[in-house]
Structure formats: C-alpha cells, structure tokens
Amino acid sequence: MANVIVIGAQWGDEGKGKITDLLSRSADVVVRSQGGVNAGHTVVVQGQTFKLHLIPSGILYPKTECIIGSGTVIDPQVLIAEMDQLQALGVSFDNLFISQTAHVTMPYHRLIDCASEERRGEYRIGTTGRGIGPTYADKSERTGIRVLDLINPDQLRRQLEWTINYKNVILERLYNIPPLNPDEVIIEYLQYAERLRPFIIDSSLKIYEAVQKRKNILFEGAQGTLLDLDHGTYPYVTSSNPIAGGACVGAGVGPTIIDRVIGVAKAYTTRVGEGPFPTELNGAIGQLLCDRGAEFGTTTGRRRRCGWFDAVIGRYAVRINGLDCLAITKLDVLDELDEIKVCVAYEIDGTTCAHFPTNASLFAHCKPIYKTVPGWKQSTTHCRTLEDLPQQALDYLKFLAELMEVPIAIVSLGASRDQTIIVEDPIHGPKRALLDANGTPVTIT
C-alpha cells in the first residue's frame, strides 16, 4: 500500500495529467484536492485525447474510484458537460464521487472575475476568468455556497436570494454589469443539483475508509508550486495551495498517511499569465519550444511562455513539497537543439543567489546564471528504456538530478501513455528511481 501526492514543481502545465494517469493504473483511489476549472489535464490514450478539468485523471481506469475533494471549487455546469463528454467517448463515471463540502462556482463569480481583471489594466494578474478566485474569496469570507447547499432546495433559496442581491450591488455599481435574476439562477442550479446528487458524499470519510483498508491512494493537484497562494510568486498566483501540504488539507487527511511526494517538471520551463519569469525566451528558441511542445493551455488555449529549465525554482519546489523524486516530462521537445541552457543560480544586483527569493520585487530583478550543455540532435520519442536514450540526453537528466538533489523516477517523451521511461510502479515499489541524486543510473533487478 502507498499513498502518493503528485504535484507540479514549476508554474503548472508540467504534464501532471499524464503522470497521474500512468500512476492511476495502480491506484485504487484518485483524489483531486484543490483548484477548479482553471486547471486542465490532457491525457492521450491509444491516440484518443481526453481533456479533463475537474474530474480526476483516474477516471480512465474503470475500477479506480475518483473523488473530487473538499478543497476544490466546482462549477457544476462545466462538471456536467465534462461528464457528458466522457460518456460520449465511452468512459464510465460510475466511480466518480463529489465532496459535499466543496464550494460551488456561481455565475456572479465568473462575472466578477472577468470584470475585476479588466479593471486592473496593466496590473492584471492573468486569471482564467473562470470565477475561481472569487469562489475561494467567498469561501474565506464564509458566504460561499457548498455542494451540500446545492442539494437542499430550501437552504439554497435562502442563501442565494440574499447573496445574489448583495452581488448585484457589486456588479451594477462597481462594474456597470446588469444584475442577475435570483430566480433564474436558483432554477438553473437546482437542475444541476439533481444531476449531481447521486455522486455527492462525505469525501473525507470515504478517503479515511480507503486508508483503513490499506488501499493505494493517489492525490492529484492542479497548477504548480510557484502558483501557490502562500508560497508562490505572489500576487501572480492561483487562489489555493497546489503544494503537497495543500493536498492533505484539500482532501481532508492527515500528513502521516502520505508515503511519497512526486514532483512533475518539464525538461524546460513554461508559465501562463503575468508575472516574472527569469529564464523566459522571446526569440526563435522560445517559439520552437512552444511549437514542439504544443504549449497552449488546456483550459484557456492561451499560449504559454517558454524558457530554459530553472533549477532555482526546482530546488525551491523540492524544499517546499518535501519531494522524494521527480517525473521529467517533454524531454523530446529538446531533441532538435544544438545546445541547452540550464539556470543554476540568479544574479541580483551583482550578487549570486542560489535560492529562490520570496521577495517579489527581488524576484522581478533576477537574472539567470546559465550553464550550457550539449544537445543530442536526434529523436527520443521512441525511447522506452534508459539505455535507449542518447548519451547527451542521459547526461542532461543526470545534471538535473544533481542540481535538484532528488532522484528522477519517470521520463516522459511524448503525450501518449507508452511514450514513457518508467522503471517501476512508484505506488507499489520501494523508493527507487532511474537516476539517483548524483545522477548515477540505478539498476533495478
């Protein structure tokens, strides 16, 4: 038995969907712990592409129970549409469960999110406009609507009549937006409630029972470490805690049940939205990474900003999350490069800094200090074992392992499940990896 957290070790979009899908084959339960429809996971199975926003990636395995935990915020309209799309593709969601204490994204959340971002002008933070921040704000303000309210018609009416009238004042007077009709919203959401009612449970209890039965549980996060509300590049962050500690809070479990934390990082770095990005590439190489990596957001379609691998934020992710090992994705995107740069430290006002500066103004002035390594100039998409990799590609992975000071356990070389080098099942096996912290290949017998 193993309980594993999978988190993003950069700014999100690292390929967590594929890694979670791979690990889900050995998981009995997959739990989505935070975020909302601002997240997107793309999984490719036998040439078929699945785009998931709220439903855990484990849904593609018929016997795996998938739980949307209380730390998520749920847009029922989007969730139902996602369920319908999966059903049309022949995927069953009989094993889908929804936390009764998760908060619900309402129409006024989306309107306020978009209007607020527009009002910020040059100070915008790059939200997806899906209402996630305002939903979490209402949660903290203790005025939010929870799933358990959604399935109680009388309670929902009482809460929404007051809340919508209050939000209408903000919409009309602050943003000059026409008011919402409370009755129309209530009728719409009561219809969603009836569709979702069979899936609603006490999720923390269900997870606890799975722990007691010694089942394998995989905790799936959204976004990435540098977007964490408390430990990311604030204010250019999300509204929840994508770090490993946040998975425990969002799922409703204690940290003592966790056996392993796996960080997912691209072989380069990307970021969506606003905010500092020290290794960003604006020229031809940045465009090449974008094109070869298909770097467009699953949720918004926005072009991702691309840059060299940043080991400073990588080491920060190792520290903040207590990472045991790494999954490196999209190594194949680098196949055509003559040389590859890796940021090993920052220069700030003439001083070398090896650690991530949590002071936002300092981070905005960081200049990357690079080490250049040779590229391999050949395709790696066909590689399925460590021995198949070109020596320069193996050397690159060794270098990343040395810089990050954690083993590399998985290497992804494309979008499909089979385009992966994986030595063992990280859920069932002991803590062994392809490359140890010194970059030395580990022989698995």
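Leaving aside neighbours within four places in sequence, which residues is Thr-380 in contact with? The answer is given under the second heading.

## Basis of the model

The structure is a predicted model, in which local features need pLDDT of at least 70 and side-chain atom pairs count only at pLDDT 80 or more, whereas totals for chains, interfaces and linings use all residues. Residues are numbered from 1 along each chain as its sequence is written, and side-chain values use heavy atoms, with hydrogens and water left out.

Thr-380 lies in the loop that runs between β18 (367-374) and α13 (391-404); helices (H or I, at least four residues) and strands (E, at least two) are DSSP runs numbered from the N terminus. With a relative accessible area of 0%, Thr-380 is buried. Here buried means under 20% relative accessible area, exposed over 50%, and partly exposed in between, computed with a 1.4 Å probe on protein chains only.

Contact means heavy atoms within 4.5 Å. Apart from its neighbours within four places in sequence, Thr-380 is in contact with Leu-331, Asp-332, Asp-335, Leu-389, Pro-390 and Leu-413.

## Nonpolar cores

A nonpolar core is a set of buried Ala, Val, Leu, Ile, Met, Phe, Trp, Tyr and Cys residues joined through side-chain atoms within 4.5 Å. The largest such core holds 61 residues, of which Ile-5, Phe-219, Leu-331, Leu-334, Leu-389 and Tyr-396 touch the most other members. Helix α13 supplies the largest share of this core, nine residues. A second, separate core of 48 residues includes Val-43, Leu-60, Cys-66 and Tyr-175.

Tyr-396 is in contact with Ala-267, Phe-309, Leu-331, Leu-334, Ile-340, Val-342, Val-373 and Trp-376, leaving aside neighbours within four places in sequence.

## Helix α1

Helix α1 (residues 16-24) is largely enclosed by the rest of the structure, because nine of its nine residues are buried.

## Annotated binding site

An unreviewed UniProt entry carries the annotation "binding site" for Asp-13 and Gly-40; such positions are given in the numbering used here, feature names are shortened, and annotations may be inferred rather than shown by experiment. Although spread over 28 residues of sequence, the two cluster in space, with a largest C-alpha distance of 8.0 Å.

Asp-13 sits in the loop between β1 (3-8) and α1 and is partly exposed, at a relative accessible area of 25%. Not counting residues up to four places away in sequence, Asp-13 touches Lys-266, Thr-270, Val-272 and Arg-304. Gly-40 occupies the loop between β2 (29-32) and β3 (41-45) and is also partly exposed, with a relative accessible area of 23%.
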